[in-house]
There are 2 protein chains.
Amino acid sequence: MRHTHSGGGLFPHAENHDVFTGLLRQVIDDYYRWHAQCAEAAAPALIDSVPETAAQCTAGPAGNLDAVANLVRELSGRLAHQATPIPSPLYLAHMTPDIPVAASLAHLCAMLYNPNNVTPETAPVTTELEHEVSEDLCRLIGYQPDTGWAHLSSGGSAANFEAMWIARNLRSVPSAAAAHPAAADLVSDRSPLVLANMPVPQVLDLVEALSARGLLPEVARLAAEQRRKAHTSGTLLLARSAHYTWDKCADLLGLGPADVQEVELTPLHRVDVHALGRRVRALLADGQPILAVVAMCGSSGEGAVDDLDAILRLRADCERRFGASFYVHVDAAFGGYSRSLWLRPDGTMAPFEDRPLDGSGTRMKPEVHAAFRALPRADSVTVDPHKSGHSPYPAGALVFRDRRAVSLVARESMYFGHGNGSRIPFGPHTLEGGRPGAAAAAVWAAHRQIGLHSQGYGRLLGGCIATAQRLHERFSAPRQTQPAAGCDMASEVISCFPPDLNILNLSVRRGAGEYGRVPDGALGRLALDSILAEAAGKPLTSLYVSGNTLSGRPLPGGVEQVLRLCTMKELGPATLDVVERQLRAAVSRSVATAVAPL
Amino acid sequence: MRHTHSGGGLFPHAENHDVFTGLLRQVIDDYYRWHAQCAEAAAPALIDSVPETAAQCTAGPAGNLDAVANLVRELSGRLAHQATPIPSPLYLAHMTPDIPVAASLAHLCAMLYNPNNVTPETAPVTTELEHEVSEDLCRLIGYQPDTGWAHLSSGGSAANFEAMWIARNLRSVPSAAAAHPAAADLVSDRSPLVLANMPVPQVLDLVEALSARGLLPEVARLAAEQRRKAHTSGTLLLARSAHYTWDKCADLLGLGPADVQEVELTPLHRVDVHALGRRVRALLADGQPILAVVAMCGSSGEGAVDDLDAILRLRADCERRFGASFYVHVDAAFGGYSRSLWLRPDGTMAPFEDRPLDGSGTRMKPEVHAAFRALPRADSVTVDPHKSGHSPYPAGALVFRDRRAVSLVARESMYFGHGNGSRIPFGPHTLEGGRPGAAAAAVWAAHRQIGLHSQGYGRLLGGCIATAQRLHERFSAPRQTQPAAGCDMASEVISCFPPDLNILNLSVRRGAGEYGRVPDGALGRLALDSILAEAAGKPLTSLYVSGNTLSGRPLPGGVEQVLRLCTMKELGPATLDVVERQLRAAVSRSVATAVAPL
């Protein structure tokens, strides 16, 4: 039995090829049998009554199976020759995972029935699976499945947009309640300062009380009016490293440019909690609403994990000092599944000391563990099954600590008809409404094949993180690479900082020699272009990396462009040798080209 | 050779079962070969260097193929027994289409490679297919593919949100330009009244000029500030029948409740253009910004097609009278593909007289044809391939007449780097950013198997519309159904109005006899509950319909609840007999139950 890095039974491999094909044949047989039953069992007498135009349609181009075969063969051939080689050990560019066989098969199987999880009427089986996935995700984050909630989305952007939409609406409920004659008594004991930034659980209690009085729609409308009149929906605070999706989000929600405050970074590219604290306290003391504080758990560019524990301690401190507080959303689109590193089979989280990543002593950082341990205290979390969850696109997700929050964007009045533990309909309680049932089936299958605990996803993602750490070690000390032939310009490739998760940033610097007019900040871009150009010519055998802009690191020639390696797989020492060699060679080659005399 | 309604070669059928399985086997073989090449070709020497944890992972539960087989068999079995019987001739409930074999195979094929069309780097083949689909959709709507643009989305909601986001930002550019010292000269000849509602092509020229001066980001920020200060982003006008997605949209974008004006309906459930005209002229004359007028082309509940031609003539008239205008977006999520009824192979649109739907003289209404003919003059159109496009979920789309509009929400500065005909990157120019390449492949294949013209989609959808019309005829005259045994309450089922497309609304009314306290408006709900209860017990052989609330028709007992039939297939006379019989029986039964003495 041969093994590759991709795992004999988890990912596609010669040894499961026949099983995969056989299962899919069964799936297709089931589907064709069902389809025939649907078309015929309802009324066997109808079979001969085919309308004329449908018969023509059948005989016409649309019914031409040779044409279908040509289409499919063309597509399959193009993909098998040109698709991005995601399973390659040398593919270290994007967050795209290789797909476990169970997830592929489940997706293919469910897709055939074309379920839309907007309502159980159109998708009785896959909405059920999405409810199971919802409970899975609550447990992954550390929320109670009977009071929390989760749903799938098209991706992390939609999940983040929805969270901020909820936070924006939530923030303005207390002041609106105070202004409504039939609701004012519910908040009459609160100062204006507290009304502007009431702690989230208290707002949700208020929302429930308003709903019980039938006043929620009216108060929500009043809140919208007040937001307009106040010229602000509150301030959104987040790390400067945050993904550009947040800019988009602020514009979409109608926030003004001044409503978004980007907070300084630490050298590890995490939000500077001291700087955040100064801003938050100033806003609270002034009675200015804070829309939300967004913490990153695996920033897109750096995989950085903000110090969530400190952010939540800051919040607790503010509640003590001001009686006022703020909504905390965590963008863990990339990092969320890594909490499984410490999850015991019973769902509890192991303490830090328990788990080195492998025999070599590679360990997670204690403060990263602390951030994951703090996750259950955040109000909502974005986590993408189609990233570290190893599910196929499209499968993002938004997870709520308190399911009552969804009533702030719901489009129907049954907000609290469903008690704890009952099932919230997906369609009217989500930004996008519809979603493919096939995505729910795939995530459901991936969770069950891999396991949402330290021995399942924990082992898989621990291997990815250990790989990033090993690469960091190889690039952590300055070591000049040899100049390319005919060029006396040496270069250095240096890891910018030890990674929190499985993304590594490599800085390309000048070595000995003169670089003329090529600024330091641009060397990374040159190296990236060279690597991508090589990969374009030999897609299956080349190294793939991506680029990043380190916003906190201005250099001569502009913001520093670095090489970004996202290690979505575990690599052994021999493969790491190849990666290191190819990387140094590409950098040396591109630097030489860049500085060659004109 | 047997035919069913579903078409021998287009949809799954016994005669293409083997071809489907055979093609899929080839697809899987290609995929496994590619996967092995990715994993091994890069470095054959690495095969033995499997890291320890990956080997354990392989040997552990995740690599257990028996467990995978059980998961997949469970899922397949549940779907084949409980999935909504979409292909059934008696399934007339939702907009969910049966999926042509080419689209299923293409989706399955592409999904295996897990492409994300956020960037060609992760999806070189399927972004190419999405560009081809973009051109297809421009031609379907009647836009120029080299100056228009389209992209896929998770569905109609996301597409509508994006269109309104763009319209909101676009509307406020001229006033902001006037307030910017370096841009004011571009609009110095316009009155405040025109600045508030500048015609869309002029705004896009202005946007291009601002971009050329490098001023667009600054002016966009200024526009956001001005929107806040003005307490409005402009008024959104749409028919009262519009989907609840528009409420959601307004709240998401931070519009105030007063910013949405619902316009009265005609008896055919189209927007009343005279009433719309009065409101529009009042706003323009007063210099109040109009965010957009949204026309429905196939409303969710009724399939109603607004008189778009009259709306666009209204716009032309306003431009003549005021020099001011408004953005027109069309929500053709359901109806857009029906434009293919008149599309010639060269992409031009045939005049009305050309095409009866079938030999029986069934025809489209002239005003519906006129609306489709007017579609190319609208600014943007939402159209869902996963509805009438017969593609699997998730595949919505947004189509733009003038691709420059996307610069109003783009997150990178290369707005006009790409000239006419060049390709706009999908990721930074769309609301959701990422999207599954599998969706692009499926839509691409469906378009090619069926054909975007009168003999392809035109024939398929013409059959669906003819079916709705034939059902309308059967229910257009009052005809009392027999009371159920032991009950003297007869009932009537009456088509509310002749359908514009393939959705029929049926009103349930009291016949002779006394109904006690059951109000007329609730009878439809009772009948629907009865039909759904029956279907739940016999999923493969029952009639399925859905419900609707006719907002324009208040009745004693509240807004009228009606039965809604969405005919996503063509039915022959014998099947129509069965549908009619089952419907009348269900209504009679449920009315009898409802009025039975306690």
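## Report on the interface and selected local features

Across the interface of chain B and chain A, the rule finds six salt bridges. The model described here is predicted. The side of chain B that touches chain A draws its largest share, 23 residues, from helix H1 (residues 14-41) of chain B. By class, the residues of that side divide into 82 nonpolar, 48 polar and 28 charged.

The extent of the interface can be described in further ways. In terms of contacts, 158 residues of chain B meet 158 residues of chain A. The size of an interface is often given as the accessible area lost when the parts come together. Between chain B and chain A, the buried area is about 14,100 Å², and carbon and sulfur atoms give 66% of it. Within chain B, the residues that lose the most area to chain A are B:Tyr32, B:Asn114 and B:Arg228, together 6% of what that side buries. There are also 42 residue pairs in polar contact between the two chains, with both residues at pLDDT 80 or more.

Side chains of opposite charge can pair when their charged atoms come close. Over all chains, the structure holds 64 salt bridges. Two of them are listed below.

| Salt bridge | Distance, N to O |
|---|---|
| A:Asp259 and B:Arg228 | 3.7 Å |
| A:Glu208 and A:Arg404 | 2.7 Å |

The pair of A:Glu208 and A:Arg404 links distant parts of the chain, 196 residues apart. A:Glu208 belongs to helix H9 (residues 200-212) of chain A, whereas A:Arg404 lies in the loop between strand S7 (396-400) and helix H15 (437-450) of chain A.

Chain A also provides an example of helix packing. Helix H13 (residues 308-322) and helix H14 (residues 366-374) of chain A pack at an angle of about 50 degrees, with their axes 7 Å apart. The angle therefore makes H13(A) oblique to H14(A). In this contact, A:Leu308, A:Asp309 and A:Leu312 of H13(A) meet A:Ala370, A:Ala371 and A:Ala374 of H14(A). The contact comprises five nonpolar, no polar and one charged residues.

Some details concern the backbone. Most residues other than glycine have a negative phi, and most peptide bonds are trans. B:Asn114, although not a glycine, has a positive phi of about 50 degrees. B:Asn114 is located in the loop between helix H4 (101-112) and helix H5 (124-141) of chain B. The peptide bond from A:Tyr393 to A:Pro394 is cis, with omega near -5 degrees. A:Pro394 is placed in the loop between strand S6 (380-382) and S7 of chain A. In chain B, the peptide bond from B:Tyr393 to B:Pro394 is cis, with omega near -5 degrees.

Technical notes
Residues are numbered from 1 along each chain as its sequence is written. Chains are lettered from A and ligands numbered from 1 in the order in which they are written. This is a predicted model: local features need pLDDT of at least 70, side-chain atom pairs count only at pLDDT 80 or more; totals for chains, interfaces and linings use all residues. Side-chain values use heavy atoms; hydrogens and water are left out. Axes are lines fitted to C-alpha atoms, for helices over the stretch in contact, and angles run from 0 to 180 degrees between N-to-C directions. Helices (H or I, at least four residues) and strands (E, at least two) are DSSP runs, numbered from the N terminus. Angles under 35 degrees count as roughly parallel, over 145 as roughly antiparallel, 65 to 115 as roughly perpendicular and the rest as oblique. Contact means heavy atoms within 4.5 Å. Ala, Val, Leu, Ile, Met, Phe, Trp, Tyr, Cys and Pro count as nonpolar, Asp, Glu, Lys and Arg as charged, and the others, Gly among them, as polar. Buried area is the accessible area (1.4 Å probe) that two parts lose on being put together, summed over both. A salt bridge is a side-chain nitrogen of Lys or Arg within 4 Å of a carboxyl oxygen of Asp or Glu. A polar contact is a pair of N or O atoms within 3.5 Å; within protein, one must be able to donate a hydrogen and the other to accept it, and residues adjacent in sequence count only if both atoms are side-chain atoms.
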